[in-house]
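User: I have a model open and would like to go through it residue by residue. Could we begin with the contacts of one residue?

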Amino acid sequence: IVNPAAFDGVTHLVVSGGTGQFAGASGTMTKTWSVTVLAVGLDPTSLLFGSFQGRYDGTIEVAE
């Protein structure tokens, strides 16, 4: 068991390519996220209680 903890971060994504109707897609996205961990069990790989939230911002274009 752990004390409550909070983590914030930013992930930058680059989109290049795709398949089917998304072939040739390109663009960038930024994911801003926040995680709050309220409790972890004795085996943290199997028991975790908390919340995760995030937001994607960016533009992806598909070639015509």
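Analyst: Setting aside neighbours within four places in sequence, S34 is in contact with F7, D8, S51, F52 and Q53, where contact means heavy atoms within 4.5 Å. This is a predicted model, in which local features need pLDDT of at least 70 and side-chain atom pairs count only at pLDDT 80 or more, while totals for chains, interfaces and linings use all residues. Residues are numbered from 1 along each chain as its sequence is written, and side-chain values use heavy atoms, with hydrogens and water left out.

User: With which side chain does S34 make a polar contact?

Analyst: The side chain of S34 makes a polar contact with the side chain of D8, at 3.0 Å. A polar contact is a pair of N or O atoms within 3.5 Å; within protein, one must be able to donate a hydrogen and the other to accept it, and residues adjacent in sequence count only if both atoms are side-chain atoms.

User: Where is S34 placed, and what is its bridge partner in β3?

Analyst: S34 is in strand β2, residues 26-40, and its bridge partner in β3 is Q53. Strands are DSSP runs (E, at least two residues), as helices are (H or I, at least four), numbered from the N terminus. β2 and β3 pair in the antiparallel sense over 14 bridges; two strands pair if DSSP finds at least two bridges between them.

User: And how many residues of β3 are buried?

Analyst: The count is zero among the 14 residues of β3 (residues 48-61), a strand that is hardly covered. Buried means under 20% relative accessible area, exposed over 50%, and partly exposed in between, with a 1.4 Å probe and protein chains only.

User: Back to β2. Is K31 buried or exposed?

Analyst: K31, which lies in strand β2, is buried yet has no salt bridge. The nearest side chain of opposite charge is D57, 9.7 Å away; Lys and Arg count as positive and Asp and Glu as negative, while His and the chain ends are not counted. Not counting residues up to four places away in sequence, K31 touches G9, V10, T11, F52, G54, R55 and Y56.

User: How many salt bridges does the whole structure have, then?

Analyst: The search finds one, a salt bridge being a side-chain nitrogen of Lys or Arg within 4 Å of a carboxyl oxygen of Asp or Glu. The side chains of R55 and D57 form a salt bridge, at 3.0 Å from N to O. R55 is exposed, with a relative accessible area of 54%, whereas D57 is partly exposed at 36%.

User: New topic: in what order do the strands form the sheet?

Analyst: The three strands form an open sheet in the order β1-β2-β3, with antiparallel pairing. The edge strands are β1 (5-16) and β3, each pairing on one side only. Neighbouring strands are turned by 15° against each other on average, direction ignored; axes are lines fitted to C-alpha atoms, for helices over the stretch in contact, and angles run from 0 to 180 degrees between N-to-C directions.

User: Over how many bridges do β1 and β2 pair?

Analyst: β1 and β2 pair over twelve bridges, in the antiparallel sense. V10 stands opposite T32 in β2.

User: What about V14: buried or exposed?

Analyst: V14, in strand β1, counts as exposed, at 69% relative accessibility. The C-alpha atoms of V14 and G27 are separated by 6.1 Å, with the two residues 13 apart along the chain.

User: Lastly, what share of the protein chain counts as buried?

Analyst: Of its 64 residues, 12% count as buried.
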